[in-house]
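Thank you all for coming; please have the sequence and the model open while I talk.

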Amino acid sequence: MHTLLFSHMDCFGHDMGRQHPEQPARLKAILQALDKPAFTELVRQDAPLATRGQLLRVHSAAHIDLVLNNVPSSGLYPLDGDTLLSPGSAQAALRAAGAVCAAVDAVMAGEGDNAFCAVRPPGHHAEPDVAMGFCLFSNVAVGALHARVQHKCHRIAVVDFDVHHGNGTQAVFWNDPDLLLISSHQVPLYPGTGLAGERGVANNIMNLPLPPMGGSAEFREQMNKVALPRLAAFDPDFIFISAGFDAHEDDPLASLCLTDEDFGWVTGEIKRIALHACRGRLVSSLEGGYDLHALASGVTAHVRALMEN
């Protein structure tokens, strides 16, 4: 299979400080890992800037302006306690959302079978009117609504295996029965949402809380018994993955115990459903992952599964 890799050097320009866990070194570790011989067949593409119109499908004009108009010429501008703007943040955030939209266009055009967007800042915590949890724009949600408007993909699913609940995606999807979010995540943990009882307007939100120190057995049981059957039954026109790797056993910000093999396995299972339901239409975008070695190894397992025939 031909897998596309979308990224851009501008994504290094978002820098919230040396002590911040969401740092440019994350993207460097990923791109170095994907520069190895095993990944020479990746089709590499520069991420374009998202347009204002693409962002407005998800975010209010006030939120977009808050982010773009407060980028400092030097230093940092805090949006909340752990989400800050640096001089390069606007370009990085626009490239991150633009990457997912461009990946949708490329997959729909047959330029690749699927795609991985190695971008930052991440997006799944950003709500329509709120930047939070290191996230400025809801990258995957922007891509999902782009697929709907631009390519008439009506039924769209997102599988989010980041260790934190994708509250931003949930907020965007909540009232639309043809948008499905499946989110596995540790509970209790930031942002404090994602309980099983949060189900959306038509049971289109499926939250799978995992206990601290939960590992492969708990994760795979939830996926096999609940998540993957629900995804297949939904029969989506397009599938997205919010690919966070902070559920890795070595990640410092949480306490799940997943392995590289788990990330590769779940990616392969999602891809299998995509091949059956929607001709393989699948776009993945980076979310969390804060141990550089674990992040790089998790991403390589994920991308290897995307590339496999």
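Helices here are DSSP runs of H or I with at least four residues, strands are runs of E with at least two, and both are numbered from the N terminus. By that rule Ala-147 lies in helix H5, and I will come back to Ala-147 at the end.

Before that, please keep in mind that this is a predicted model, in which local features need pLDDT of at least 70 and side-chain atom pairs count only at pLDDT 80 or more, whereas totals for chains, interfaces and linings use all residues. Residues are numbered from 1 along each chain as its sequence is written, and side-chain values use heavy atoms, with hydrogens and water left out.

Let us take the chain as a whole. It has 9 helices and 10 strands, and its C-alpha atoms fill a box of roughly 50 × 45 × 40 Å along the principal axes. Of the 309 residues, 59% count as buried, where buried means under 20% relative accessible area, exposed means over 50% and partly exposed is in between, with a 1.4 Å probe and protein chains only.

Now to helix H1, residues 24-33, where Pro-24, Arg-26, Leu-27, Ala-29, Ile-30 and Ala-33 are buried. What do the buried residues of H1 pack against? They pack against strands S1 (3-7), S5 (114-117) and S10 (282-286) and against helix H9 (292-307), with contact meaning heavy atoms within 4.5 Å.

Next comes the pair of helices I promised. The axes of H4 (residues 89-108) and H5 (residues 139-151) come within 9 Å and cross at roughly 40 degrees; axes are lines fitted to C-alpha atoms, for helices over the stretch in contact, and angles run from 0 to 180 degrees between N-to-C directions. That makes H4 oblique to H5, because angles under 35 degrees count as roughly parallel, over 145 as roughly antiparallel, 65 to 115 as roughly perpendicular and the rest as oblique. Among the residues that make this contact are Ala-97, Val-100 and Val-104 of H4, and Gly-143, His-146 and Ala-147 of H5.

That brings us back to Ala-147: is it buried or exposed? Ala-147 is buried, with a relative accessible area of 0%. Not counting residues up to four places away in sequence, Ala-147 touches Val-104, Lys-152, Cys-153, Ile-156 and Phe-240.
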